Amino acid sequence: MRIFDPHIHMTSRTTDDYERMAAAGVRALVEPAFWLGQPRTNVGSFTDYFDALVGWEPFRASQFGIRHHCTIALNPKEANDPRCREVLAVLPRYLEKDGVVAVGEIGYDSMTPEEDEVFAAQLALAIDHDLPALVHTPHRDKARGTDRTLDVVRESGIDPGRVAVDHLNEVTVGRVAGSGCWMGFSIYPDTKMTADRMVAILQEYGLERMLVNSAADWGRSDPLLTLRTGEAMLAAGFGPDDVDRVLWRNPVEFYGQSKRLDLSEVEDAAGTFEGNSILRGGS
Ligand SMILES: [Zn+2]
C-alpha cells in the first residue's frame with residue numbers, strides 16, 4: 001500500500017514517527033501551516049516557522065525516503081490576534097516557493113469577523129498565486145461553520161475543484177458533497193472520526209474527491225491512521241485499487257493542481273506507479 005498523507009503536522013512529531021510511517025508505506029505528505037499551541041506574538045515567529053516548513057522539515061522527511069510538501073497561511077485561530085495580522089503581508093513571498101502546494105490551513109475557528117476577513121483575503125491569495133486552498137472547518141458548531149465556509153468559498157470566485165474542506169464528519173460531508181469542493185477527513189484515535197466510520201462514509205458517498213489524513217500534531221494522534229483506514233477499506237470489501245485511489249491518487253490529483261508536486265524520487269523508490277501523467281501532478 002502506498003500512502004500520501006495530505007494533512008499531517010510533522011514539526012510536532014519525532015523521528016520514530018517518520019520511521020514507522022515509512023515502514024507503513026507513507027511515501028509523501030503535505031504539512032499545512034497551523035497553530036503551534038503556544039500563541040505567537042509577532043510576524044518573525046511565523047517566518048521562522050514557514051522557513052522550517054519549506055527547508056528543514058523536507059530535509060528531515062527525506063532522510064526516511066518521504067517526500068514533504070507544505071501549505072502556507074495565517075491559521076484561523078491566530079487570525080484573531082492583531083499582532084499576527086502582518087503575516088498576510090509576508091505570505092506572497094512564501095506562496096511562490098517550490099515546496100508550497102496550497103494556501104492553508106485557512107477557514108474558521110470561532111467564526112469571528114476577523115476570521116471572515118482573513119479567510120476571504122487568503123482565498124484571494126490562492127486565486128492570485130494559482131494555488132489550491134486547504135480549508136479547516138471548526139471543531140465546535142461544525143454544521144454552521146461548514147455552511148458558512150461554503151458560502152465564503154462561493155463568494156470568493158475560486159474554482160471549488162481547487163478547494164479541500166477538511167475535518168468533515170457524517171454531519172458535514174453531505175453539505176460539501178454537492179459543492180464541487182474536495183472532502184477531507186482527519187482520522188483520530190479517540191475523537192472526531194475513526195477508520196470504520198470513514199469506510200462507511202466512502203460506501204455512502206463514493207471515492208471521488210475524497211481525502212483521508214491523520215492530521216497528526218502535538219495532540220493525541222496517530223500518523224498511521226491512514227494505513228488503518230486502508231486496511232479497514234480492504235476488510236470491508238473495497239479492492240486494492242480503491243485504496244490506492246483514496247490514499248494516493250486523490251491527494252496527488254488535488255495538490256497536483258499546484259503544478260509543484262514533485263514525486264520523482266519516491267516514484268522511483270516505490271517502483272510500481274501506474275498512470276504517470278496524473279501521478280506527476282502535471283495536469
Ligand atoms: Zn491541521
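A residue counts here as buried if 20 or more other C-beta atoms lie within 10 Å of its own, as exposed if 12 or fewer do, and as partly exposed in between, with C-beta atoms placed from the backbone. I start with that definition and apply it to one residue. M111 has 17 other C-beta atoms within 10 Å, so M111 is partly exposed.

Two remarks on the source. This is a predicted model, in which local features need pLDDT of at least 70 and side-chain atom pairs count only at pLDDT 80 or more, while totals for chains, interfaces and linings use all residues. Residues are numbered from 1 along each chain as its sequence is written.

Now the overall picture. The protein has twelve helices and eight strands; these are DSSP runs, H or I over at least four residues for helices and E over at least two for strands, numbered from the N terminus. The protein has a radius of gyration of 17 Å, close to the 19 Å that the globule rule gives for 283 residues, so it is as compact as a globular protein of that length. That radius is taken over C-alpha atoms, and the globule rule is 2.2 Å times the number of residues to the power 0.38. The C-alpha trace spans about 50 × 40 × 35 Å along its principal axes. Of the 283 residues, 47% are buried.

Next, contacts. Two residues are in contact if their C-beta atoms, placed from the backbone, lie within 7 Å. Taking contacts between residues at least 6 apart in sequence, 72% join residues at least 24 apart.

I turn to helix pairs. For these, axes are lines fitted to C-alpha atoms, for helices over the stretch in contact, and angles run from 0 to 180 degrees between N-to-C directions. Angles under 35 degrees count as roughly parallel, over 145 as roughly antiparallel, 65 to 115 as roughly perpendicular, and the rest as oblique.

The axes of helix α2, residues 43-54, and helix α4, residues 87-95, come within 10 Å and cross at roughly 20°. That makes α2 roughly parallel to α4. The crossing of α2 and α4 is right-handed; a crossing is right-handed if the near helix is turned clockwise from the far one by less than a right angle, and left-handed if anticlockwise. On the α2 side the contact is made by V43, F46, T47 and F50, and on the α4 side by V87, V90 and Y94. By class, this contact of α2 with α4 has six nonpolar, one polar and no charged residues. Nonpolar covers Ala, Val, Leu, Ile, Met, Phe, Trp, Tyr, Cys and Pro, charged covers Asp, Glu, Lys and Arg, and the others, Gly among them, are polar.

The second pair is helix α5, residues 113-128, and helix α6, residues 142-156, whose axes come within 10 Å and cross at roughly 45°. That makes α5 oblique to α6. This crossing is right-handed. F119, A120, L123 and A124 of α5 meet V152, V153 and S156 of α6. The residues of the contact divide into six nonpolar, one polar and no charged.

What does helix α9 pack against? Its buried residues, among them L225, T226 and M233, pack against β1, α1, α8, β8 and α10. T226 has 32 C-beta neighbours inside 10 Å and therefore counts as buried. Leaving out residues up to four places away in sequence, T226 touches I3, D5, V212, N213, S214 and L247. After α9 comes G237, whose phi is positive, near 105°.

In helix α10, N250 is buried, with 22 other C-beta atoms within 10 Å. N250 touches M210, L211 and R245, again not counting residues up to four places away in sequence.

Last, some backbone details. G104 and E105 are joined by a cis peptide bond, with omega about -5°, and E105 sits in strand β4, residues 100-107. M111, which I began with, is in the loop between β4 and α5 and has a positive phi of about 60° although it is not a glycine. D130, in the loop between α5 and β5, is another residue other than glycine with a positive phi, near 55°. With 11 C-beta neighbours inside 10 Å, D130 counts as exposed.
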